[in-house]
Amino acid sequence: MLTSEIAKEIVEQTMIRLNRNINIMDDKGIIIASGNRNRIHQIHAGAIEVLRTGNPLIINSNDLHQWEGSLPGINLPIHFQEVVIGVIGITGDPDEIMEFGELVKMITEMMIQQSFMSTQLEWKQRLREEVFEDLLTEKHNQESIRKRLHLIGIKLETPFQVVVVEIGFNKYKKTDIIQIFENIFEEKKVLIGFISVNRLFILSSNLSEAHIKQKLLTALNHLKSKNIMSRIGIGTPALVQDHIHHSYHESISALLLGNSEQNLISYMEVETKALLNRIDERAKIQFHQRVLGTLSEKLILTLEHFFANNLNIGECAKKMYIHRNSLIYRIKKIKELTGYDPQVVQDAVTLQLAIWITHLSRKENI
């Protein structure tokens with residue numbers, strides 16, 4: 001736990017405040033960090049004695065012959081989880097430095113504890129992300145996943161549901177973003193981490209979709225308050241662990257196919273588009289050209305507005321800032337050119353599908 005990197009940081013931070021030379025020795029009595037770089041890698045006889053007895057050692061000027069490689073000062077044991085893992089030595093007149101020696105020891109032990117906790121958090125987070133990546137594979141070792149989840153104190157239960165959050169550019173660390181979601185969800189049945197540079201995953205278990213959406217809305221508001229732009233895609237629930245990867249791909253589809261102005265999109269909202277997206281590319285092009293090939297951009301845009309306003313002529317004309325009669329004329333023109341009447345439900349479905357295929361093609365070309 002007491003690495004040379006941590007020891008070096010302790011020496012640098014302590015010397016700035018005390019203006020005294022500090023030595024840090026490992027559990028073998030070897031100097032691994034010092035204000036005097038020439039002493040690094042040397043054996044410190046006084047430290048070996050402290051490691052043997054577990055007690056502090058004071059070395060005065062007239063004691064130097066007993067402790068080879070030592071200078072006057074005090075040497076204190078460094079404890080971590082009730083075990084002596086090293087020694088800190090402060091060079092100088094023992095009478096002058098004794099009063100703050102224990103304070104230096106306490107600060108050193110606190111820094112080691114903090115470093116340990118940070119390492120533990122990083123290790124657990126990496127384990128979460130590895131487990132999720134394994135769950136996305138079609139063939140995974142369920143027993144191995146169960147054991148790793150046990151190590152991080154998480155138990156996943158059916159139904160499972162995957163959420164993917166697309167995070168915009170921001171000044172925060174990944175750990176800060178993860179903490180926001182962990183604080184909001186709280187449950188020990190949620191796996192949270194990053195699947196890519198700007199995409200965070202949330203794998204929930206045994207939670208209702210309504211509960212998940214409520215938490216996600218809270219998260220969106222929290223991110224917005226920190227000026228973090230984000231969009232969230234929600235997959236459908238998976239009843240068995242082997243289907244978690246389906247829920248994940250659905251959440252990605254929700255992000256890709258959903259309205260760019262929406263912040264929270266469920267797969268069910270884009271399911272029809274997702275099904276269209278699986279059709280052979282040649283078939284999509286052929287269908288689009290047959291249905292919409294004779295229409296101008298203006299008439300296609302008119303159709304988009306008409307469908308967006310649920311085939312309501314009055315509302316559509318108002319939103320488009322055109323006269324009602326102008327809209328009626330355009331609708332008749334569309335019927336003449338395509339053979340499909342936008343005011344007839346069955347024909348409207350065909351026209352809407354053709355428009356969605358147009359949108360999908362545009363997104364693929366971006």
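Glu49 counts as partly exposed, because its relative accessibility is 21% and the buried class ends under 20%. In this predicted model, Glu49 forms a salt bridge with Arg52. By the rule used here, the count comes to 16 salt bridges.

- Side chains of opposite charge can pair when their charged atoms come close.
- In the pair Glu49 and Arg52, the closest N and O atoms are 2.8 Å apart.
- Both residues sit in helix α2, which spans residues 45-53.
- Glu49 and Arg52 are three residues apart, so about one helical turn separates them.
- Arg52 has a relative accessible area of 62% and is therefore exposed.

**Salt bridge between loops: Lys189 and Glu157**

- The side chains of Lys189 and Glu157 meet in a salt bridge, at 3.1 Å from N to O.
- What does this pair tie together? Lys189 is in the loop between α5 (174-185) and β7 (190-196), and Glu157 is in the loop between α4 (142-151) and β6 (160-167), so the pair links parts that are 32 residues apart in sequence.
- Lys189 counts as partly exposed, with 29% relative accessibility.
- Glu157 also has a value in the partly exposed class, at 24%.

- Lys335 forms a salt bridge with Asp341, and their closest N and O atoms are 3.9 Å apart.
- Is Asp341 buried or exposed? Asp341 is buried, because its relative accessible area is 14% and the cut-off for buried is under 20%.
- Lys335 is partly exposed, with a relative accessible area of 44%.
- Elsewhere, salt bridges that share partners join Arg126, Glu129, Glu130 and Glu133 into one network.

**An exposed glutamate: Glu99**

- Glu99 lies in helix α3, residues 94-135.
- Its relative accessibility is 72%, so Glu99 counts as exposed.
- Glu99 and Lys189 are 90 residues apart along the chain.
- The C-alpha atoms of Glu99 and Lys189 are separated by 49 Å.

- Helix α11 covers residues 313-320, and its buried residues are Ile313, Cys316, Ala317 and Met320.
- Why do these four fall on the same side of α11? They cover an arc of only 95° around the axis, and that puts them on the same side.
- The buried residues of α11 pack against α10 (297-308) and α12 (324-338).
- At the start of α11, a side-chain oxygen of Asn312 comes to within 3.1 Å of the backbone nitrogen of Gly314.
- Just after α11, Tyr321 takes a positive phi of about 60°.

**Helices α7 and α8**

- Two packed helices are described by the angle between their axes and the distance between the axes.
- Helix α7 (residues 244-257) packs with helix α8 (residues 267-277) at an angle of about 85°. The axes are 9 Å apart.
- That angle makes α7 roughly perpendicular to α8, because angles of 65 to 115 degrees fall in this class.
- Which residues meet between α7 and α8? From α7 come Glu250, Ser253, Ala254 and Leu257. From α8 come Tyr267, Val270, Lys273, Ala274 and Asn277.

**A buried asparagine: Asn23**

- Asn23 lies in strand β1, residues 22-25.
- With a relative accessible area of 2%, Asn23 is buried.
- The side chains of Asn23 and Asn21 are joined by a polar contact of 3.4 Å.
- Leaving aside neighbours within four places in sequence, Asn23 is in contact with residues including Ala33, Ser34 and Arg39. Val87, Ile88, Gly89 and Thr91 are also among its contacts.

**A loop asparagine: Asn170**

- Asn170 lies in the loop between β6 and α5.
- A polar atom of the Asn170 side chain lies 2.8 Å from the backbone oxygen of Gly168.
- The Asn170 side chain also reaches the backbone nitrogen of Tyr172, at 2.8 Å.
- Not counting residues up to four places away in sequence, Asn170 touches Ile177 and Ile228.

Note on methods:
Residues are numbered from 1 along each chain as its sequence is written. This is a predicted model: local features need pLDDT of at least 70, side-chain atom pairs count only at pLDDT 80 or more; totals for chains, interfaces and linings use all residues. Side-chain values use heavy atoms; hydrogens and water are left out. Buried means under 20% relative accessible area, exposed over 50%, partly exposed in between (1.4 Å probe, protein chains only). Helices (H or I, at least four residues) and strands (E, at least two) are DSSP runs, numbered from the N terminus. The arc is that of the directions from the helix axis to the C-beta atoms. Contact means heavy atoms within 4.5 Å. A polar contact is a pair of N or O atoms within 3.5 Å; within protein, one must be able to donate a hydrogen and the other to accept it, and residues adjacent in sequence count only if both atoms are side-chain atoms. A salt bridge is a side-chain nitrogen of Lys or Arg within 4 Å of a carboxyl oxygen of Asp or Glu. Axes are lines fitted to C-alpha atoms, for helices over the stretch in contact, and angles run from 0 to 180 degrees between N-to-C directions. Angles under 35 degrees count as roughly parallel, over 145 as roughly antiparallel, 65 to 115 as roughly perpendicular and the rest as oblique.
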